[in-house]
Amino acid sequence: MKVHKHLPKAIYKWKINDKYQGGVPDAFYAGPNNHCFIEYKYSDSLPAKDTSLIPVGLTEQQRLWLLKAQKNKILCYWVFGSELGVYMSQDFDKTTITKLEYDQNNISFKEYINELIEICLGQVH
């Protein structure tokens, strides 16, 4: 699902496509309450076993960019999505998550949109 079209107009949305600077996150969102950068990852299929490892998929450049932003007090996340839901994290050192961890911590797409609205606008929808 396309995130940007589900966000209210009050949120500034920027789909970043920077071919000159490696590691830059996929998107930037801003509103009167706050702003954040998001690196998106997606998988069409996930393993069946709870103990199976799902690669987060951050490149080293992405990880370093996000860590530097976080160190500078800039709100940023990596977001891993599948048909089962959305997993949102600020742990940029994490390279894998277990299927069980994903299942226990993922939220619906609608809940994810509400998280972004709360971050940027300071209100829950």
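Student: W65 has 22% relative accessibility; is W65 buried, partly exposed or exposed?

Tutor: W65 counts as partly exposed, because its relative accessibility is 22% and the buried class ends at under 20%. Keep in mind that this is a predicted model.

Student: How does F37 count, buried or exposed?

Tutor: F37 counts as buried, because its relative accessibility is 14%.

Student: How many aromatic pairs does the structure hold?

Tutor: There are eight aromatic pairs in the structure. In one of them, the ring centres of F37 and W65 are 5.0 Å apart. The planes of these two rings meet at 70°, so this pair is edge-to-face, as planes over 60 degrees apart are counted that way.

Student: Which parts of the chain does the pair of F37 and W65 tie together?

Tutor: F37 belongs to strand β3 and W65 to helix α1 (residues 60–71), so the pair ties together parts that are 28 residues apart in sequence.

Student: What is the geometry of the pair formed by F80 and Y102?

Tutor: For F80 and Y102 the ring centres are 5.8 Å apart and the planes are at 90°, so this pair is edge-to-face. The pair links distant parts of the chain, with F80 in strand β5 (residues 76–82) and Y102 in helix α2 (residues 99–105), 22 residues apart. F80 counts as buried at 4% relative accessibility, and Y102 counts as buried at 0%.

Student: Which residues form one aromatic cluster?

Tutor: One aromatic cluster is formed by Y12, W14, F28, F37 and W65.

Student: Now the sheet. How do strands of a sheet pair?

Tutor: Strands pair through backbone hydrogen bonds, and they may run parallel or antiparallel. Here an open sheet of five strands has mixed pairing and the order β1-β2-β3-β5-β6. Its edge strands, β1 (12–15) and β6 (85–89), each pair on one side only. From one strand to the next, the twist averages 25°.

Student: How many bridges join β5 to β6?

Tutor: β5 and β6 run antiparallel and are joined by five bridges.

Student: Which strands does helix α3 lie across?

Tutor: Helix α3 (residues 109–121) lies across β2 (27–30), β3, β5 and β6. Its direction is at about 160° to that of β3.

Student: Where is the place of S43?

Tutor: S43 is in the loop between β3 (35–42) and β4 (53–55). S43 is buried, with a relative accessible area of 17%. A polar atom of the S43 side chain lies 2.6 Å from the backbone oxygen of S45. Leaving aside neighbours within four places in sequence, S43 is in contact with F80, G81 and S82.

Student: What does the count of disulfides come to?

Tutor: The test is whether two cysteine sulfur atoms lie within 2.5 Å, and here the count comes to zero. For C76, the nearest cysteine sulfur is that of C36, 8.6 Å away, and C76 is in no disulfide. C120 is in no disulfide either, with the sulfur of C36 as its nearest cysteine sulfur, 4.8 Å away.

Student: Are C76 and C120 buried or exposed?

Tutor: C76 counts as buried, at 0% relative accessibility. C120 counts as buried, at 0% relative accessibility.

Methods. Residues are numbered from 1 along each chain as its sequence is written. This is a predicted model: local features need pLDDT of at least 70, side-chain atom pairs count only at pLDDT 80 or more; totals for chains, interfaces and linings use all residues. Side-chain values use heavy atoms; hydrogens and water are left out. Helices (H or I, at least four residues) and strands (E, at least two) are DSSP runs, numbered from the N terminus. Buried means under 20% relative accessible area, exposed over 50%, partly exposed in between (1.4 Å probe, protein chains only). A polar contact is a pair of N or O atoms within 3.5 Å; within protein, one must be able to donate a hydrogen and the other to accept it, and residues adjacent in sequence count only if both atoms are side-chain atoms. Contact means heavy atoms within 4.5 Å. Rings of Phe, Tyr and Trp (its six-membered ring) pair if their centres lie within 6.5 Å; planes under 30 degrees apart count as stacked, over 60 as edge-to-face and the rest as tilted. Two strands pair if DSSP finds at least two bridges between them. Axes are lines fitted to C-alpha atoms, for helices over the stretch in contact, and angles run from 0 to 180 degrees between N-to-C directions.
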